[in-house]
Amino acid sequence: MSTDLIIAVIITVVGASTPILIAALGELVVERAGVLNLGVEGMMLVGAITAFIIVFVTGNHYLAILLAAATGMATSLIFGFLTLSLSANQTATGLALTIFGTGFSALAGQGYSAKPVTLLGPLFPADLATHPIWRVLFGYSALVYFALFMVVAIWWFLKKTRAGLILRAVGENDLSAHSIGYSVIGVRYMAVMFGGAMAGIAGACFPLLLTPQWAERMTAGRGWIAVALVVFASWRPFRLLAGAYLFGLVMTMELYAKAGGGPLSAIPSELWAALPYLATVVVLVLISIRRDASTNAPACLGKPFLPSN
Amino acid sequence: MQFRLEKRREPSQLMVYATPVAAVVLTMVVGAILFSLIGFDGVGAVREIFLTPLTNSFKWQDLGVKAAPLIIIGVGLSIAYRANVWNIGAEGQYIMGGLAATWVALATHGMTGWWILPLMLVAGTAGGAAYAAIPAFFKTRLGVNEILTSLMLTYASVQLIYYLVRAPWKDPMGMGFPQTRIFSEAARLPTIIPTTIVHLGVPIAIVVALIAWFIMSRSVFGYQMKVVGAAPHAARYGGFSENKTIWLALLVSGGLAGMAGMLEVAGPFQRMVPGFPTNYGFTAIIVAFLGRLNPLGVIFAGIVMAITFVGGEVAQTTIGLSNSATGVFQAMMLFFLLAGDILIRYRIRRVVPQAAGVNP
Amino acid sequence: MPFRLELTGITKRFPGVLANDNVTFAVKPGEIHALLGENGAGKSTLVKMIYGIMQPDAGEMRWDGEPVVVPNPKAARKLGIGMVFQHFSLFEALTVLENIALGMDSKIPSRELEARIRAVMAQYGLLLDPHRTVATLSVGERQRIEIVRALLLEPKLLIMDEPTSVLTPQEVEQLFEVLRKLAAEGCSILYISHKLHEIKALCDTATILRGGKLVDTCDPRQETSRSMAEKMIGAGLKDIIRAAGRTIGLPKLVVSRLSTAKTGHFEVPVDDVSFTVRAGEIFGIAGVAGNGQNALLDALSGEIRSQDKDAITIDGFPLGLLDTTGRRKRGLCAVPEERNGHAAVGDFTLSDNSVLTARDRLGMVMLGLINSGAAKTYTGKVIAEFAVKALGPASIAGSLSGGNLQKYIMGREILQKPSVLVVSQPTWGVDAGAAAAIHQALVDLAAAGSAIVVISQDLDELRALCDTLAVINMGHLSPARPSGEVSVEEIGLLMGGVHGQTEARDAIPA
């Protein structure tokens, strides 16, 4: 394998991993606060169509990302209101949110399906990325660096700040947090909204980073893979980074198998397409074999908070 | 004026049945307003989606045909969700049921005999159950979350259809279209009302729901599902194995989804095509909730959802509204239903103004 | 010198109950002041008002002579009032340091906080590694976190709500040392309890409440336990029902070398437990919470099955391999500690809850179908015979009060006439009347020839009720002794085994 090919692989893998990583980071924070939002896929689709329309109309990629975060957050508020203010079942509400996001994005994207936009260019000037090695470091768009920055930022937030400690406390024991005097519902609203904004940005990655067009259901289950990755990473940001890049590799494998020839290229393309999903199952199974994995889950995950008074 | 939620002494049975109806009505009202606000013909959309299918008798047969798979899958899911087993991969199990039935149909192609359709039904049910057995196995053995596994398997099963109809099962006479040959007469579901498209699957759906209702309300099996879902620890104390319940819940819901897949492929489709996955498996999740996880309720919820499907198609041709509007309405209905759930356990009380005066 | 805390005419009314009726008393600086009373006497309501969780309907509170209103706990802490609750609000997955940081009102850099924690610990001999995860700590150690948390605020009044209910006698003695030291430094302590001997050993003054009213303020050292108990309970003390003509017969339940596997991280398994209960005998198992009681109950009920068929036998018939249903058919019924969610399903009707455990013994199932009429009739009988306050068999279990639900559950098992009944914490959180009824029902069942096992943390209950006593400690069961022959001190030492071991763990540097 030539150096060029290796570099090309790295660049594609990093690109393909980025939306999953961003969405999963958001979900990680949500789950650490004790909330299970299964609507990531729906919020991503809302973010994706928002970003597409904005960039199609204005041509401004950064405005598109910002508004995708805003609409993702707005969508998450539906979930927040139902599950936090009305203590509705989180699993069912998350599913409803995904159904909603799928329908809403398709409706909003009506008539945009064949229209082209431009991808978001690299963050750094091209002079920095002339040599192939430098391209691996400096050749990406701002979204990729944003994802990496957030890995560190979220780790620092959860581990080192008082706000992060309170968020973890709310996820571990909502009743105690309430009795000490923290607003469980308030903290959870914040977390859910953050998760929504991250999912919106993750959705924006699809038209801005991967394929410069709009297609219904273009996130193709990546939101669900992000949810699975949070489990895989046992709720730790740096493990999430590793997991997301691993999945990026699986998702882009087909390209190189076909290009490389040999026995791998004989595998039907449908199997390659199914691989990320099958890999998710395998990964979930493997992580469960390690006994202690589940003990790391936030103790209140998915349980509604009902103060007695 | 301020309102406050106050816990009821006992859950309100009235609200259990009133909230789904209120959810449907609210969806129509709020939907009309919201769609108008964002620039669509909101009133027209609601009229075409919710009312035309009912007022136009020509559409009734479509309702039956669309409702049948939704009811069958919805019944299965309502049993699983009662047991707190979150099978959301019914779409995949539906696909595997359709594929298993297709396999029988292709293997018996050209043959005649009354036994072919029952064999397809058994194969379809078994196919769906077998696919649901994978999440059941991982859940009971290793505690792997069934939501994620069942859903991931759905995405994989779609690829399996694509592969099968593109290569091994492709119709040699199909002019290159990726689809199987059309099933023989003996492998096609008969219509039960002449000159309509209403096939045998429609009465089967009703019978399945009635049997499920009887089992869930009267039998130890139904009790087991409910008690494991409501209080797993108490269930273990009462002598019910949680793992056995997970297996049963997934096998029953997967099997029914597979049965629906068989009825679809042998009924409306009569061959396997890439467009076979029609989201019935996902919509049935809404059906199960709207039916209050009660098989009788599922019948009505299935019909309501069928109305929105048929109506969505009507709206597409009459007022040019995208089919995806249906999904938005369906999701909205589920949101309203979930929001209304709180009224089962709580009542809304107006806060008496003088209460504010105690701490000046 | 003014009083540290002075309450005058404090009254608090709840719908249907007068929780505090014109209560007046005062606490001096440096005084250890007991607040004594039965469950429901109004002690908790009173301290909740002092700590700002609730507001009084009438009355005045003075702090160092000045009238004050305490709108919330934060304001209470600002005044210098600290409180250690009976139920800890701790986060299992977080460290001691993180837990304490969460309880502080102001943000303190963690290094400085750690230094202050270590200083407080050293000063009062409260040994604890600030970086340990709470989940790995014993109950006594967890209480120390709460105490350290309160002491960091340098309180002038420390409220302790039933602090010893979960401690071994040795841990209690250590706690008293800390409290005496605090009092000597001028901190007032309001000590809530119903344990008379503790109050006699520790307190300078005792205020006794009964039914929301103040009965007396006295010097506990001048009183006898009996005189204080009579003030607390009102009427003369009722003696215990006890053996009353029961004859003890042949061995019925024989448990031999019963062990369970370690399941969760923090569950203590049962290790090589053997004991025999004879017909007509009530066998008590004492122990501090979290020493394998839950595993023992599950292993006896059949929720955890044994590998060895002879580990549990009734009248010589091996039950070890059977599940709960199989064991019930053979006459072994059990009542776990947790009522809602384990012994009963809160969302189900009482009638459906009867199906949970009585369906096979009472023939409520035919050909896989449930005979709901039979379930209803039986439930009606339980409600009537055990005086359960419920509208009827169709009442939702979760709508019953704790005591009523417990009466229903006990009735549901006892009326099945089990030959062996195993119960855990039969009267936990149950009012005195219901507790007496439950005790009487257990004695009657034993008199009818059943063998009964009572697992409880309440030593008074066990000594009153049981013929034989053993102590469970870290999953081991001590040899059984006739309950008349063992002293509280002996039981305490057996229970205290836990304590010694945790101390040893502490000594190893982390």
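Author: Where chain A and chain C meet, the contact takes 13 residues from chain A and 14 residues from chain C, two residues being in contact if their C-beta atoms, placed from the backbone, lie within 7 Å. The model is a predicted one, in which local features need pLDDT of at least 70 and side-chain atom pairs count only at pLDDT 80 or more, while totals for chains, interfaces and linings use all residues. Residues are numbered from 1 along each chain as its sequence is written, and chains are lettered from A and ligands numbered from 1 in the order in which they are written.

On the side of chain A that touches chain C, α7 (162-172) and α8 (174-180) of chain A each supply at least two residues; helices (H or I, at least four residues) and strands (E, at least two) are DSSP runs, numbered from the N terminus. The largest share of that side, six residues, belongs to α7(A). By residue type, the side of chain A that touches chain C divides into five nonpolar, five polar and three charged residues, where Ala, Val, Leu, Ile, Met, Phe, Trp, Tyr, Cys and Pro count as nonpolar, Asp, Glu, Lys and Arg as charged, and the others, Gly among them, as polar.

Turning to chain C as a whole, its secondary structure comes to 17 helices and 23 strands. The C-alpha atoms of chain C fill a box of roughly 75 × 55 × 45 Å, taken along the principal axes. The radius of gyration of chain C is 24 Å, which agrees with the value near 24 Å that a compact globule of 510 residues would have; this radius is taken over C-alpha atoms, and the globule rule is 2.2 Å times the number of residues to the power 0.38. Of the 510 residues in chain C, 48% are buried, meaning that 20 or more other C-beta atoms, placed from the backbone, lie within 10 Å of the residue's own. If one takes the contacts in chain C between residues at least 6 apart in sequence, 69% of them join residues at least 24 apart.

The strands can now be followed one sheet at a time. In chain C, four strands form an open sheet in the order β2-β1-β4-β5, with antiparallel pairing, where two strands pair if DSSP finds at least two bridges between them. The edges of this sheet are β2 (17-27) and β5 (66-68) of chain C, each of which pairs on one side only. Strand β1 (residues 5-14) of chain C is joined to β4(C) by five bridges, and the two run antiparallel; here C:L7 has C:M61 of β4(C) as its bridge partner. The residue C:M61 also has a bridge partner in β5(C), namely C:V68. Strand β4 (residues 58-63) of chain C runs antiparallel to β5(C), to which three bridges join it, and C:R62 stands opposite C:P67 in β5(C). The hairpin of β4(C) and β5(C) has two residues between the strands, and in this hairpin C:D64 takes a positive phi near 50°.

Another open sheet of chain C also consists of four strands, in the order β12-β11-β14-β15, and its pairing is antiparallel. At its edges stand β12 (273-278) and β15 (317-318) of chain C, each with a single partner strand, so one side of each is left without a neighbour in the sheet. Further in, strand β11 (residues 251-258) and strand β14 (residues 312-314) of chain C pair in the antiparallel sense over three bridges, with C:V255 standing opposite C:I312 in β14(C).

One further pair deserves a look. Strand β9 (residues 205-210) and strand β10 (residues 213-218) of chain C pair in the antiparallel sense over five bridges, and C:R210 stands opposite C:K213 in β10(C). These two strands, β9(C) and β10(C), form a hairpin with two residues between them, and C:G211 in the turn has a positive phi of about 55°.

Note on methods. A residue is buried if 20 or more other C-beta atoms lie within 10 Å of its own, exposed if 12 or fewer, and partly exposed in between; C-beta atoms are placed from the backbone.
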